[in-house]
Amino acid sequence: MNDETIDHEVIIVGAGFSGIGAAIKLREAGFEDFLIVDDADGVGGTWHWNTYPGVAVDIPSFSYQFSFDQRADWTRVYAPGRELEAYAESCVDKYGLRPRIRFSTTITDAEFDEERHLWRLRTGSGKELRARYVISATGVLTRPKMPEIPGVGDFRGVTMHTSRWDHGQSLRGKRVAIIGTGASAVQVIPEIAPEVSQLVVFQRTPIWCLPRPDMPLPAPLRLALRLPGGRSLTRLISQTYVELTFPIAAHYYKSLPTAAVGERAGLAHLRRQVHDPVIREKLTPRYALGCKRPSFSNDYLAAFNRDNVLLETDPIREITATGVRTDATEHRADVLILATGFKVMESGNMPTYDLRGVGGRDLEKWWDEHRLQAYEGVSVPGFPNFFSVIGPYGYNGSSYFALIENQVRHILRCLRHARATGSTLVEVTEEANDRFFQEMLSRRGGQVFWQESCSVANSYYFDKHGDVPLRPSTTVEAAWRSGHFDLTDYRFASVPQALSSGGRRSRR
């Protein structure tokens, strides 16, 4: 293999669980020459950035972990965020990854060198890194999305986004306004409501909130998890629950009734939790369960029974220097919390840097013109040696860890074949990509997203083209395909021999 002009064989962009999982499996497969870069100052990705009060995983912890590194010491069924960050740290140390991570390093753009079959990545400090392969593991729940509301920059009090929580600010006794009722808000609101003097919740679209089967894990159960087969059995039960509550419910909505069961459970939970029928009506979703990301909480809805919590459903007209104004009222506030989510399937977030492939093809522009698409959620034609862990039609709504392991299995199959054949270029063919994209589109008729009620859900699942680039399949199918796709769907080639001379660059 010609590696004389590269700094590293593989550069992984992102030190969250996607990047950590890719690095662990690279080492396991004998790919030792890799570097992880991240613009943060610590590992964990989502769990590094999101530290707001009440932050926790929204699926059982038994599923939200690597299958090859299962913990037996979770304190709860739904682990709090600090335990997820600690899990990331432990994986980094256990698998010897820390010396291979470069923190506070922002990749601003990457360009493919067609002659030498390598990627040139530029950092925010102006340095260049060269790699044969790039694995994009930047995630989707790290870049805050700011609301497009007039005057958002004029507020003279304290403003913070849930994904950049300022722990130096005390909310005790303060008047607080929070914009948004998505998954982050569902966790924040019941945590801060008891300490603030007033909490005004601005809701555009009510969220489906289901009861969360959460509890502390007692010592006997944690002991049982250490017994032979204990973790495997618990994981199987957890995975079945996760599969039924989203992938099957959402992707097989027309043929299986699980979503209807969930809706009945959600409405019953709402009736039990909220006393005031007027507030209950405002909190009732008018769209099918699954149109947008649901949430699970045992105390979010009940928070609206508190005298100091006000649910505001009138549209926001503007944010003023002293509060938030609707057409009828100005709600004065000392603190403004933006629970407005993340840049998920938006331009500039997949990936988080400019990417130019063969012939200068710009990935963002190409997706703008051809819609979001990627072969098996991993590769895009015209971008050789570039692989995404969370690409369009990769994630099916199950655990992110299932996605990570599936996508990395796919990537390693390509890299192993390239190494075995002496290839330096790996590129998915246009034909294979087109075939996969058409297959994904042909399956979506049975999904929940195409029900008429979804038009009022304001869901981030829908991209600007009106597509929902989630993989319409079970997790089992996605896992099988990640190890059995046809390698002839890729083109493998070697760098011209004339470019094989020269000395290896020293690593910076």
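A residue counts as buried when its relative accessible area is under 20%. Phe17 is buried by that cut-off, and Tyr87 is too. The model is predicted.

**Aromatic pairs**
- The structure holds 27 aromatic pairs.
- One of them joins Phe17 and Tyr87, with ring centres 5.5 Å apart and planes at 35°, so the pair is tilted.
- Phe17 belongs to helix 1 (residues 17-28) and Tyr87 to helix 3 (residues 81-94), so this pair ties together parts that lie 70 residues apart in sequence.
- Tyr375 and Tyr490 make an edge-to-face pair, at 5.7 Å centre to centre and 80° between the planes.
- This second pair also links distant parts of the chain: Tyr375 is in the loop between helix 10 and strand 18 (386-388), Tyr490 is in strand 20 (residues 490-493), and the two are 115 residues apart.
- Tyr375 has a relative accessibility of 3% and therefore counts as buried; Tyr490, with a relative accessible area of 5%, is buried as well.
- Ring pairs connect Phe17 and Tyr87 into a cluster with Trp47, Tyr64, Phe66, Phe68, Trp74, Tyr95 and Phe401.

**Charges over rings**
- Arg164 lies over the face of Trp49, 3.9 Å from the ring centre.
- The charged end of Arg212 sits over the ring of Tyr78, at 5.0 Å from its centre.

**Helix 12**
- Helix 12 (residues 430-443) has 14 residues, which at 1.5 Å a residue should span 20 Å; the C-alpha atoms at its ends are 20 Å apart, in agreement.
- Its buried residues are Ala432, Asn433, Phe436, Phe437, Met440 and Leu441.
- Viewed down the axis of helix 12, the buried residues fall within an arc of 165°, so they line one face of the helix.
- An α-helix has 3.6 residues a turn, so residues three or four places apart point the same way.
- Glu431 and Ser442 are exposed on the other side of helix 12.
- The cover over the buried residues of helix 12 includes helix 10 (363-370), strand 19 (425-428) and helix 13 (475-484).

**Pro294**
- Pro294 is placed in the loop between helix 9 (277-282) and strand 11 (295-296).
- Its relative accessibility is 13%, so Pro294 counts as buried.
- Leaving aside residues up to four places away in sequence, Pro294 touches Ile207, Trp208, Phe246, Leu289 and Tyr461.
- Asp166 is 128 residues from Pro294 in sequence, and their C-alpha atoms are 26 Å apart in space.

Notes:
Residues numbered from 1 in each chain as written. Predicted model: local features only at pLDDT ≥ 70, side-chain atom pairs only at ≥ 80, totals over all residues. Heavy atoms only, no water. Helix = DSSP H or I, 4+ residues; strand = E, 2+ residues; numbered from the N terminus. Buried < 20%, exposed > 50% of the residue type's maximum accessible area, 1.4 Å probe, protein only. Contact = heavy atoms within 4.5 Å. Expected span 1.5 Å × (residues − 1). Arc of directions from axis to C-beta. Phe/Tyr/Trp six-rings, centres within 6.5 Å; stacked < 30°, edge-to-face > 60°. Lys NZ or Arg CZ within 6 Å of the ring centre and 35° of its normal.
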